[in-house]
Amino acid sequence: MSSTVSIFESIPGPVWGVIGAVAGATLTSITNLISNFGNNKRLSLQLAHDAKEKNIDRMNNLRREIYLTAVAEMTKASSYFGQLPHEDPSNQNVAAGLEGLYVAAAKLSLVAPPGTQEAVDSLGMEYWKLTHKVILALSPMQTLKAEMKLYGGMYDQAMIEIKRVIGAMNNLREGGCPDEDVMFGLKDSFDFLSNQAEDSSRKRQVATNEFYALCAKYNHELMADMKPLAILQAKVVIAIRQDFGIETDEARMMAHMERQWNTVSEAVDQASSQV
């Protein structure tokens with residue numbers, strides 16, 4: 001111990017100043033290194049957090065556009081099937097009317113969480129099944145619409161010919177040169193065309209009555225088939241709201257959907273009963 005003390009005592013005073021400066025610089029350097037290390041670590045954590053937040057914001061923006069498109073397409077699809085019986089059968093492609101929904105569902109499956117994706121997949125499958133059922137139901141209605149158009153055209157053409165014959169008969173009477181054979185022929189044409197117009201009108205009316213009877217049946221069955229779809233659509237909307245962090249009362253929304261559906265269903269049945 002005494003030898004150690006004597007060693008320190010033998011060091012000149014100026015040397016202690018140098019040693020103190022070196023020690024101070026070393027301590028300062030170590031302190032800076034520790035401080036920089038801590039700052040770098042905090043900066044790395046902050047950058048990682050910022051990058052994560054940016055990814056979340058980017059994903060939410062992407063989801064927002066795709067989700068809103070999907071909801072709009074679901075709304076369009078809900079009313080689409082009800083319009084089909086009144087569309088032109090020659091230009092009718094049932095599946096084409098749902099392309100927007102299927103495209104939106106495909107996009108949504110790329111960005112949606114598993115729960116939302118499963119709900120959308122279930123909805124798409126039910127729409128696909130309903131499409132094939134609707135195609136079969138539309139076939140007899142398309143046939144009746146073609147008959148309505150055919151007999152309507154025949155009736156209109158017969159009426160044109162009747163007007164022509166009546167005009168010819170009037171000209172013959174007023175011309176001052178009556179010809180019984182010509183008049184007989186004109187009367188014969190008039191009777192034939194009148195019977196043809198009457199027959200076409202009757203057949204058109206029969207086809208029309210059958211068409212609207214099938215429409216009433218179609219609408220009634222469609223409402224029954226659409227209810228499971230309405231439930232699935234409500235579940236998709238609930239999942240989307242939850243994905244966006246929107247406060248959602250699932251039970252309340254489902255009950256509200258049920259009340260709305262019952263009101264619409266009653267209105268459709270009442271309107272169909274009057275056909």
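Good morning, colleagues. The model is a predicted one, in which local features need pLDDT of at least 70 and side-chain atom pairs count only at pLDDT 80 or more, while totals for chains, interfaces and linings use all residues. Residues are numbered from 1 along each chain as its sequence is written, and side-chain values use heavy atoms, with hydrogens and water left out.

I begin with the overall architecture. The protein chain contains 6 helices and 0 strands; helices (H or I, at least four residues) and strands (E, at least two) are DSSP runs, numbered from the N terminus. Read from the N terminus on, the order of elements is α-α-α-α-α-α. Of the 275 residues in the protein chain, 25% are buried, where buried means under 20% relative accessible area, exposed means over 50%, and partly exposed lies in between (1.4 Å probe, protein chains only). Among contacts in the protein chain with a separation of 6 or more, 80% come from residues 24 or more positions apart; a contact means heavy atoms within 4.5 Å.

Let me turn to the helix packing. The axes of helix 3 (residues 99-111) and helix 4 come within 10 Å and cross at roughly 160°. That makes helix 3 roughly antiparallel to helix 4. Axes are lines fitted to C-alpha atoms, for helices over the stretch in contact, and angles run from 0 to 180 degrees between N-to-C directions. On this scale, angles under 35 degrees count as roughly parallel, over 145 as roughly antiparallel, 65 to 115 as roughly perpendicular and the rest as oblique. The crossing of helix 3 and helix 4 is left-handed, a term used if the near helix is turned anticlockwise from the far one by less than a right angle, with right-handed used if clockwise.

At this crossing, helix 3 contributes Leu101, Tyr102, Ala105, Leu108 and Ser109, which meet Thr116, Gln117, Val120, Gly124, Tyr127, Trp128 and Thr131 in helix 4. Helix 4 also packs with helix 5 (residues 180-243), at an angle of about 165° and with the axes 7 Å apart. That makes helix 4 roughly antiparallel to helix 5, and their crossing is left-handed.

Which residues does Tyr102 contact, its neighbours within four places in sequence left aside? Tyr102 is in contact with Gly124, Tyr127, Trp128 and Thr131. Tyr102 belongs to helix 3 and is partly exposed at 29% relative accessibility.

Glu73 itself is in helix 2 and is buried, with a relative accessible area of 16%. Apart from neighbours within four places in sequence, Glu73 is in contact with Gly100, Leu101 and Ala104. Ala104, in helix 3, is buried at a relative accessible area of 4%. Under that same exclusion of sequence neighbours, Ala104 is in contact with Ile66, Thr69, Ala70 and Glu73. Thr69, one of these, lies in helix 2 and is partly exposed, with a relative accessible area of 39%. Thr69 and Leu108 are 39 residues apart in sequence, with a C-alpha to C-alpha distance of 9.2 Å.

My last topic is the aromatic side chains. How many aromatic pairs does a search of the whole structure find? The search finds 4. Rings of Phe, Tyr and Trp (its six-membered ring) pair if their centres lie within 6.5 Å; planes under 30 degrees apart count as stacked, over 60 as edge-to-face and the rest as tilted. One of the pairs is Phe81 with Tyr127, which is stacked, at 6.1 Å centre to centre and 15° between the planes. Phe81 lies in helix 2 (residues 13-83) and Tyr127 in helix 4 (residues 114-174), so the pair ties together parts that are 46 residues apart in sequence. Both Phe81 and Tyr127 are buried. Together with Tyr80, these two residues form one aromatic cluster.

The rings of Phe211 and Tyr212 have centres 5.2 Å apart and planes at 75°, so this pair is edge-to-face. Phe211 is buried, at 2% relative accessible area, whereas Tyr212 is partly exposed, at 37%.
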